[in-house]
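Colleague: I'm new to this one. Could you take me on a close look at a single part, the packed inside, and show me what sits around it?

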Amino acid sequence: MLTEINAFLGSETPQGWIDAALDQQEVMLLDHKNCEFKAASTALSLIAKYNTHTDLVVYMSRLAREELVHHEQVVRIMKKRKIELRPLSAGRYASGLRAGVRNHEPVKMVDTLVVGAFIEARSCERFAKIYPHLDEELGKFYHGLLKSEARHYQHYLKFAYQFGDAADVERSIERIRAIEQELIASPDTEFRFHSGVPVAS
């Protein structure tokens with residue numbers, strides 16, 4: 001799956017992000033926790049907005065529960081490491097991707113699903129990049145998340161094709177990919193799980 005995901009993304013996480021992640025593991029865990037909660041919230045919002053699409057509703061309900069389990073797992077790891085919960089500002093990544101979503105239906109739904117696919121794919125790619133460098137407990141946990149993130153990517157993409165025109169989905173992927181690659185490769189004054197190349201602010 002990683003080969004497919006890397007091809008879909010079209011770019012790799014820069015070494016600068018990996019170095020920052022290893023140096024700021026507390027921030028990484030805090031933001032990872034927030035990302036899992038946001039992923040659950042996104043799934044619930046899709047259920048609310050597109051509540052006549054049975055397949056989507058059933059899957060997103062299951063996805064929301066799974067993301068909340070991951071959220072709880074990160075909280076437990078943080079508690080074990082005596083990392084206190086605290087507010088952490090959101091990075092630019094998700095909002096930057098959402099800026100590329102068209103604002104009328106049905107293509108808004110397609111773009112939203114494509115954005116979801118990119119977020120899950122990049123999460124998977126980053127877990128794969130970072131887990132070999134972590135301590136045994138955290139490395140094992142992050143390695144264990146690879147399959148679920150890959151599966152989520154597949155389902156988001158599947159639904160985009162299910163509810164959209166194939167040619168339009170392909171154009172959406174190309175457009176969102178260009179935005180995503182810029183967000184990942186360009187300098188970023190904040191370190192977050194999906195941030196770009198960290199630089200001093």
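Modeller: The buried residues of H2 pack against helix H3 (25–49), helix H6 (107–130) and strand E2 (197–198); contact here means heavy atoms within 4.5 Å. Helices (H or I, at least four residues) and strands (E, at least two) are DSSP runs, numbered from the N terminus. A word on the source: this is a predicted model, where local features need pLDDT of at least 70 and side-chain atom pairs count only at pLDDT 80 or more, while totals for chains, interfaces and linings use all residues. Residues are numbered from 1 along each chain as its sequence is written, and side-chain values use heavy atoms, with hydrogens and water left out.

Back to H2, which spans residues 15–23: Trp17, Ile18, Ala20 and Ala21 are buried there, and buried means under 20% relative accessible area, exposed over 50%, partly exposed in between (1.4 Å probe, protein chains only). These four are on the same side of H2, because they cover an arc of only 165 degrees around the axis. That arc is taken from the directions from the helix axis to the C-beta atoms.

Now zoom out to the largest nonpolar core, which has 59 residues; Met28, Met60, Leu113 and Tyr142 touch the most other members. By nonpolar core I mean a set of buried Ala, Val, Leu, Ile, Met, Phe, Trp, Tyr and Cys residues joined through side-chain atoms within 4.5 Å. The elements that give two or more residues to this core are helix H1 (2–9), H2, H3, helix H4 (54–80), helix H5 (93–98), H6, helix H7 (136–163) and helix H8 (166–185). H6 provides the largest share, 12 residues. As a general point, nonpolar side chains in soluble globular proteins tend to be buried together.

Take Leu113 as your way in. Leaving aside neighbours within four places in sequence, Leu113 is in contact with Leu46, Leu56, Met60, Tyr156, Phe159, Ala160 and Phe163. One of those partners, Met60, is also among the residues that touch the most other core members.

The peptide bond from Glu105 to Pro106 is cis, with omega near 5 degrees. In general, most peptide bonds are trans.
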